[in-house]
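Here's a quick briefing for anyone meeting this structure for the first time. Have a look at the model, then read on by topic.

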Amino acid sequence: MDKRNLISGLFFLGFSAFVAVSSIGLGIGRLTNPQAGFMPFWTSLLIILFCLILFGQTFANRSGSAGRADSWSQVHWHKSMLAAGALCVYMFLLPEIGYLAATSILMLALFKLSSMKILPAALASLLTVILSYALFSFILNTPLPRGMLGF
Amino acid sequence: MDALNGLLYGLSVAFEFHNLGLLLAGCLLGTLVGVLPGLGPVGAISILLPLTFQLPPAGAIIMLAGIYNGAMYGGSTTSILINVPGEAASAVTCLDGYAMARKGRAGTALGIAVFGSFIAGTVGLIGLQLIGGPLSVLALKFGPPEYFAIILMGFTFIVYLAQGSMIKAVLMALAGILLSLIGLDPITSEQRFTFGNIHLFEGLSVVPLAIGLFGLAEVFVNLEKTAPARVLQVKIKNMFPNKSQWLRARWAIVRGTVIGFFMGILPGGGPVLSTFMAYGVEKRVSKHPEKFGHGAIEGVAAPESANNAAASTSFIPLMTLGIPPNVVLAVLFGAFMIHGVTPGPLLMTQHPEIFWGVIASMYMGNVILLILNLPLIPLWVQVLRIPDKILYPLIVLFCLLGAYSVHNSVFDIGVMLLFGMVGYLLNKFDFEPAPLVLGFVLGPLFEVNLRRSLLMSQGSFAIFVERPIALVALIVCVILIILPFIQAIRKTSRPIS
Amino acid sequence: MKNHSRFFVAAGVIMLVVISLICSGPAWAEYPDRSITVLVGFVPGGSMDLSARALAKSAEKILGQPVMIENKPGGTGTVALAALLSQKPDGYTLCATPSSVLIRVSQQQKVPFKPFTSFKTVIGFTEPQLGLVVKSDAPWKTLKDLTAYAAKNPGKLKYATTGVGSTTHAAVEEIASKDKLQLIHVPYKGSMEALTALLGGHVEFAALTSELVPAVKSGQARLLAVISEKRSVKYPDVPTMKELGYDFANDAVFAIVAPADIDPAVMKKLEGVFAAAAKNSEYLETLDRINMIPVYYDGRAFDSFLRKHWKIINKSLIASGAIKEAATKPE
């Protein structure tokens with residue numbers, strides 16, 4: 001039995017139950033005049049239906065494979081988490097200190113994370129950030145976010 | 001003016017020195033923005049629009065059309081190389097294109113994409129030139145019920161997008177529909193699921209979502225591997241498709257072209273839908289459907305051809321009716337207007353130099369882009385030689401620039417990041433992102449056309465069977481759903497030899 | 001190794017400082033000493049974007065500094081206005097917006113600004129050509145023909161508009177309520193989609209914005225009435241809705257606004273510059289090509305325009321059931 005199907009199925013059930021309840025709040029309307037909740041309501045009901053089928057399949061296949069063994073173990077999943085974390089921090093820094101500064105920091109962190117030495121990492125991040133900034137600002141005329149320092 | 005004389009006249013316009021230069025510039029720039037994810041032809045054309053104010057109308061339109069075509073060629077490059085779809089229409093190309101690249105066949109994938117694009121783009125132009133008028137009349141026949149039926153047909157292609165569990169693929173598509181419903185209700189303009197956030201008023205945009213699900217998720221999945229699967233441990237084999245690959249891709253290109261040709265004319269999500277349809281059809285007719293998703297060349301050739309054929313034929317409603325069928329052509333429509341030219345039924349008689357000049361320049365643009373893109377392939381493949389520790393951070397930078405440049409919005413970077421993490425989890429839980437993108441693209445079209453149809457018919461479903469086009473499309477739908485079941489039953493009832 | 005990395009960090013910091021100095025420039029120079037950005041809350045290529053670009057181009061000749069358009073689409077135009085308020089009110093960032101975002105969208109959705117008081121209007125410069133059209137092979141020659149037919153055939157006529165609660169929808173609602181007609185509304189997203197539906201024969205008539213002009217010009221559609229205070233210069237023979245007895249006129253004027261706490265001296269300069277820019281002949285020619293009508297509202301006139309139409313729209317939105325009360329307080 002693949003436990004992952006149960007977890008994902010439960011998530012979908014919760015998700016669609018929330019949508020279905022909110023849809024009723026939006027108003028489902030009648031066929032002559034379907035309202036805003038019409039589409040989300042029926043879609044979430046379909047999701048619930050298919051979740052139940054997925055559960056049925058999973059239980060019927062009790063003896064089957066337990067899923068990929070390597071999905072969490074045997075990997076450095078903290079690396080992906082760190083990268084995602086760095087991007088989260090970046091999101092908040094970007095509007096404050098502008099593209100050039102924020103992205104330099106992000107790239108430095110990412111290069112470090114993929115085990116580069118500090119020196120080439122610093123060089124590489126400065127280079128990529130300045131090049132991308134130049135490309136967008138001067139050739140493509142698309143302004144990248146400026147921070148409080150004006151760049 | 002008949003078609004041949006018109007074309008000759010158009011060529012004489014397009015071959016004028018400054019027009020040729022503008023076409024070349026347009027193609028080059030289009031290729032550049034096509035390769036960069038996010039900033040697609042819409043962005044590029046609108047940025048250049050003010051610069052074309054000083055140009056004569058024909059030259060300006062020729063250049064802007066060149067950008068559009070160039071972007072269509074370049075769109076698949078990042079999908080194939082680094083799994084980052086630059087636009088919704090190249091999301092399908094990720095499936096087999098990236099798989100091919102991982103097997104060292106990036107050159108072949110890029111090559112077949114370019115050749116497929118060239119053939120399909122040219123065929124589309126011939127169609128535009130010869131039967132544009134009648135076709136546009138047909139396109140107008142598509143009202144809400146007809147769209148509803150076609151989109152329903154599009155949904156049946158989920159069956160062919162699924163590589164693993166069918167149930168999970170359906171769940172993904174349904175989740176995609178729900179995500180697409182965030183934002184303003186298309187009929188009543190109420191807010192749905194926006195939680196008061198103004199960035200959600202118009203819903204999530206598809207490009208950051210697709211870049212996150214495919215590109216960023218792929219980086220996350222690869223970052224954590226102990227011994228990173230070297231993209232280029234594998235030797236890069238031949239740069240261009242060889243004879244046997246050609247033979248396999250040949251019919252895929254033809255079928256992709258036909259599908260793209262007709263879908264491109266329809267106002268609304270034509271090109272995107274055509275790529276999903278072309279992919280589904282290939283998998284359906286293939287003798288080895290199990291190879292799809294693991295680097296089947298047909299899986300690159302068909303959607304790329306469909307995409308470009310649709311790009312060519314989408315000019316039909318613009319040039320003959322004055323109706324731009326997609327966002328890019330809406331910007332181009334603006335460009336026509338700015339230059340005092342009104343696209344529509346009178347274009348051919350009032351401004352023959354523009355009508356024929358643009359068509360002729362698009363033929364030439366296809367040739368220029370073929371010549372331009374082929375030598376680029378070996379260069380692109382070198383990207384894969386970059387060591388992972390440098391490549392992955394660069395891909396992340398690419399993803400976030402792409403997400404940002406769609407709407408110049410930091411919020412979109414957040415959307416991309418969120419869906420990067422979602423894509424990472426989907427991978428862990430054995431779900432596939434492609435059906436989600438399909439659901440996301442088709443969801444709003446499905447809803448709005450269903451509700452408009454019901455408004456028109458005052459709540460009666462009879463409207464879908466009373467109109468011939470809708471009826472035919474619905475019958476095809478039913479057949480497409482039932483066929484796999486019949487085959488499955490046949491297979492099981494047949495004694496195992 | 002350590003020394004090297006310190007060196008590079010220091011070098012990086014110095015570089016950033018240098019760049020910031022170059023970009024920010026001296027603070028004491030006279031306004032404007034660098035380029036001005038005009039935010040547009042819609043995608044490029046639409047009538048809001050094109051008309052703002054045309055005016056910006058005309059203004060930069062007078063200002064002597066580049067005036068750049070930056071598209072910030074989203075939130076039905078409200079994202080750009082919110083973004084304007086997050087910038088310094090130094091006159092280097094402005095926003096081009098249709099009045100409908102301030103008075104119509106703000107009533108339908110809760111927005112993070114006060115439509116009457118968060119902004120000062122530099123200029124109201126143009127409005128789209130609104131009108132009621134039928135297909136050119138339709139039997140109705142005048143609006144009266146159409147309403148007479150609709151009165152005899154209740155629930156038969158379908159019409160397309162640019163969306164529920166839009167100006168075009170409100171215009172037809174006004175006709176329907178005055179003549180007590182029973183019509184079927186099929187809302188579309190934007191004028192182009194609605195025009196497509198009309199030309200395909202999926203609806204009998206449509207209320208459209210500027211996109212109607214090329215279709216009327218090419219003979220695909222017939223204009224029955226224009227929705228504006230005065231008759232259109234382009235169509236002197238077509239009556240306005242007001243002349244036909246319906247108390248309704250266009251409430252969509254495109255304007256350039258600045259944050260309310262802008263320096264009055266800078267504001268005065270901007271007002272002068274844009275008023276002059278709106279008289280430029282090349283600009284007027286561009287407006288005509290994109291089928292927009294030039295108008296002129298100064299700050300005060302635009303403010304009273306907003307207040308007047310806020311009330312009218314409020315009444316019509318509540319009457320059509322779209323809202324129960326305005327989602328945003330205007331001041």
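Helices (H or I, at least four residues) and strands (E, at least two) are DSSP runs, numbered from the N terminus. With that in hand, Ala360(B) is found in helix H18 (residues 352-382) of chain B. What you're looking at is a predicted model, where local features need pLDDT of at least 70, side-chain atom pairs count only at pLDDT 80 or more, and totals for chains, interfaces and linings use all residues. Residues are numbered from 1 along each chain as its sequence is written, chains are lettered from A and ligands numbered from 1 in the order in which they are written, and side-chain values use heavy atoms, with hydrogens and water left out.

**A spot in chain B**

- Ala360(B) is buried, at a relative accessible area of 0%; buried means under 20% relative accessible area, exposed over 50%, partly exposed in between (1.4 Å probe, protein chains only).
- Leaving out residues up to four places away in sequence, Ala360(B) touches Leu7(B), Gly10(B), Leu11(B) and Ala14(B), where contact means heavy atoms within 4.5 Å.
- Gly127(B) sits 233 residues from Ala360(B) along the chain, and 13 Å separate their C-alpha atoms.

**Chain A on its own**

- Chain A has four helices and two strands, and they run α-β-β-α-α-α along the sequence.
- Of the 151 residues in chain A, 44% are buried.
- Take the contacts in chain A between residues at least 6 apart in sequence: 57% of them join residues at least 24 apart.

**Where chains A and B meet**

- On the chain A side 68 residues are in contact with 61 residues of chain B.
- The two chains, A and B, bury about 5,600 Å² between them, and 79% of that is on carbon and sulfur atoms. Buried area is the accessible area (1.4 Å probe) that two parts lose on being put together, summed over both.
- How many salt bridges cross the interface of chain A and chain B? The rule finds one, counting a side-chain nitrogen of Lys or Arg within 4 Å of a carboxyl oxygen of Asp or Glu.
- That salt bridge joins the side chains of Arg4(A) and Asp430(B), at 3.0 Å from N to O.
- Helix H1 (3-26), strand E2 (33-34), helix H2 (38-60), helix H3 (77-113) and helix H4 (118-139) of chain A each bring at least two residues to the side that touches chain B.
- H3(A) gives the most to that side, with 19 residues.

**Strands in chain C**

- Strand E5 (residues 131-135) of chain C is mostly covered, with four of its five residues buried.
- E5(C) pairs in the antiparallel sense with strand E8 (residues 205-208) of chain C, over four bridges; two strands pair if DSSP finds at least two bridges between them.
- E5(C) also pairs in the antiparallel sense with strand E9 (residues 221-226) of chain C, over five bridges, and there Leu132(C) has Ala225(C) as its bridge partner.
- Strand E6 (residues 158-161) of chain C pairs with E8(C) in the parallel sense, over two bridges.
- Phe205(C) in E8(C) stands opposite Val134(C) and also opposite Tyr159(C).
- In a regular strand the side chains alternate between the two faces of the sheet. In E8(C), Phe205(C) and Ala207(C) point one way, Ala206(C) and Leu208(C) point the other way, and all are buried.
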